[in-house]
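This report describes selected features of one protein model.

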Amino acid sequence: MGKCANHPDRETSYMCMKHDKYMCEECLECPDPEIHCKFRSSCPVWFMDKRGGKNIDDIPDKPEKNRFKVVFMPDNKDVLVEENTTLLEAVQAADIPLNASCNGKGVCGKCKLVVESGMVESAPTPLLNDEEKRKKYVLACQTTVQGDVTVKIPEEVLEKKLRIAGTGKQVTEELKGMVKGISPMLSRIPLELNPPTLEDSISDLDRLNRCLKKSGVDIDRMNIGIKAMRGLAGAMRGEDWNVTVSVVKKKCSSEVLEVVPGNLPANSFGIAVDVGTTSIVVYLVDMENGSILAATSGHNRQAACGDDVINRIVCAEKDGVSKLSKMVLSTINGLINEAINSADVDREQIDNVVISGNTTMTHLLLGIEPRHIRRDPYIPSVSSFPILRAEDIGLKVNPIAAVFVMPSPASYVGGDIVAGLLYTGLHREEPLTMFIDVGTNGEIVLGNRDWLMAASCSAGPAFEGGGVRWGMRAEEGAIEKVSIDPETFNPVVTVVGDTLPRGICGSGMIDLISEMLLKKIIQPNGKFSIDSTHPRYIKSGDEHAFIVAFANETSVERDIIFTESDIDNIIRSKGAVYAGFMVLLNQAGMDFSMVDRVIITGGFGQFLDIDKAVTIGLLPDIERSKFKYMGNSSIAGAYMALLSEKYRKEAIEVSNSMTYIDFSSNNEFMDEFTSALFLPHTNMEAFPNVKAAIVR
Ligand code: FES
């Protein structure tokens, strides 16, 4: 390791052995030949220390590779890449969002592109049918660039605006009402100082402290950094002894971060961020009155490295944590830009930020090593964070803005769940509550104000479209509701954005399977029982499938089908969630009859049809009045912590008080999971209403 030649504050292991200089990853990627050496990309000694310190003479000369231009349509964006680079790598280099669920393993079939012109080489794959091959579809991760190429991102893959649960006006008004008294982390204090005289000749810092004390600030546990001290003399004299002091309140003390001349505008804004594995939501908040001035949302750019947290960690191990960090930062900063532009706010006035995310997302965003999260005994590097500075993270707001990161109780139960609890308040109340957050994973909390147990049940990303042929996220063109005519088996669908469909999102899949089960198109084991001569039955390769929408009814001009393996994936996901419920209840010596309420949050919470979720066995067959939707609780909790010190403290207490149950080596979980691999369950007695509906 050594210090980068261009950024001496950065440690790096990349070294040019010829010039004996270190270079950080940013410099390595920089196309400017002046940065160091224009031949570095083909230099045989560049990564010398990574090769175990071999002698330069032992390393054979490598011929310089050809570079080719890849143009991506419809946006006409291009990038130069070396020969044999995969199209997926080219997509990532061009910073184009593309879902690569399996992180380039060639097994998910999500990274489809159409080659319009140019030379490529593709590995054979069973994931493209004859029609797709004829239309020149390729899998980006299985195709290498062999010349200048133009590719098109097809309609079904193009990212559209996400529909995010819990961002409506009603929800935000309700949120505002939940916070009594605003207490930001960073405050700007305007001061009018008395100029020094021979009679009053105390130092500038003492003068500042005296005035702060007069204004009611507790200066006994206040520090000031060397940077602020260096600028103190100039700042105090710059505007006739009028200054603005930025003070950040920490756990046991406070710190003067900056003193600037003049009295800055008092307006201060805050940002709450929900960093989901799939999607990211940003609220821009007026710190004076708690109003949400803008809410923006988008896909996490890291989706190009896989759907789930494990694939993201694998990608970070392979390509470096900073790559994943940059991806998520570019998404967040883009959403912040959108928010400040729409609300006409100056980014320098954003002084407070709260970030809520699962443990892996938090690590990757902060550039913290995540590899041990996926290795026995599954330990995060950091679970609770001090107040950080925005510039140290890379957030494009006021560089000294204070950043609170929600603490993570465990490797697979993160700050998003803590934020969810802040919002739902189940830990403050008496009723025994089951809390379930179904997103890219499934996290469950059981408890009340006396105790809390939490677990993650590895539900996988199927409910967000992962591992399902026509699965997609809840964005424009996604089928979100389905009912099926019992006579004709024709589905009636509702599509996000009221447009032609191009895929099916989680709530649509739950509806579809529930309807197919009740209309006897499939059996409880998920296998098809529909007559093979029915026009909606199709065989796709070796797979039986049901045509949800014919090609002429879709925006992608292809049949949207649902196969037996798609059903199988959903059964596995819902089975993992239900098994999680059962094991947590067993651990507590309880059963569903003792649960007073079930709170559902997460990506599809707002659109979930409870009856249909019960029919497929995702949720228990108990009184429907016990279920409550609460939308995106992670962003709601982040908002509350942004405004209130009380909630920031409460988040730390909640995180510390949760008992984490690890399912990874739990035999009981495996048994419950196996029992739940049926629609709704192998134990039909636990689902009396569904049993009656199926028999009918
Ligand atoms: S098949 Fe290419 S990313 Fe999965």
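## A buried helix

Helix 11 (residues 415–424) is largely enclosed by the rest of the structure, because 10 of its 10 residues are buried. Buried means under 20% relative accessible area, exposed over 50%, and partly exposed in between, with a 1.4 Å probe and protein chains only. Helices (H or I, at least four residues) and strands (E, at least two) are DSSP runs numbered from the N terminus. Among the buried residues of helix 11 are Asp 416, Tyr 423 and Thr 424. Just after helix 11, Gly 425 adopts a positive phi of about 70°.

## Basis of the model

The model is predicted: local features need pLDDT of at least 70 and side-chain atom pairs count only at pLDDT 80 or more, while totals for chains, interfaces and linings use all residues. Residues are numbered from 1 along each chain as its sequence is written, and side-chain values use heavy atoms, with hydrogens and water left out.

## Nonpolar cores

A nonpolar core is a set of buried Ala, Val, Leu, Ile, Met, Phe, Trp, Tyr and Cys residues joined through side-chain atoms within 4.5 Å. The largest such core has 74 residues, and Met 434, Met 516, Phe 562, Ile 570, Phe 581 and Leu 619 touch the most other members. Helix 13 (residues 564–587) gives the most to this core, with 11 residues. Because domain 4 (427–461 + 571–695) and domain 5 (469–563) both give residues to this core, it lies between them; the domain bounds come from an automatic or database domain assignment.

A second, separate core of 43 residues includes Leu 175, Tyr 283, Val 413 and Tyr 639.

## Packing of helices 13 and 17

Helix 13 packs with helix 17 (residues 667–675) at an angle of about 135°, and their axes are 8 Å apart. Helix 13 is therefore oblique to helix 17. Angles under 35 degrees count as roughly parallel, over 145 as roughly antiparallel, 65 to 115 as roughly perpendicular and the rest as oblique. The axes are lines fitted to C-alpha atoms, for helices over the stretch in contact, and angles run from 0 to 180 degrees between N-to-C directions.

## Backbone geometry in loops

The peptide bond from Met 73 to Pro 74 is cis, with omega near 15°. Leu 679 and Pro 680 are also joined by a cis peptide bond, with omega about -5°; Pro 680 lies in the loop between helix 17 and helix 18 (688–695).

Lys 520 is not a glycine, yet has a positive phi of about 60°.
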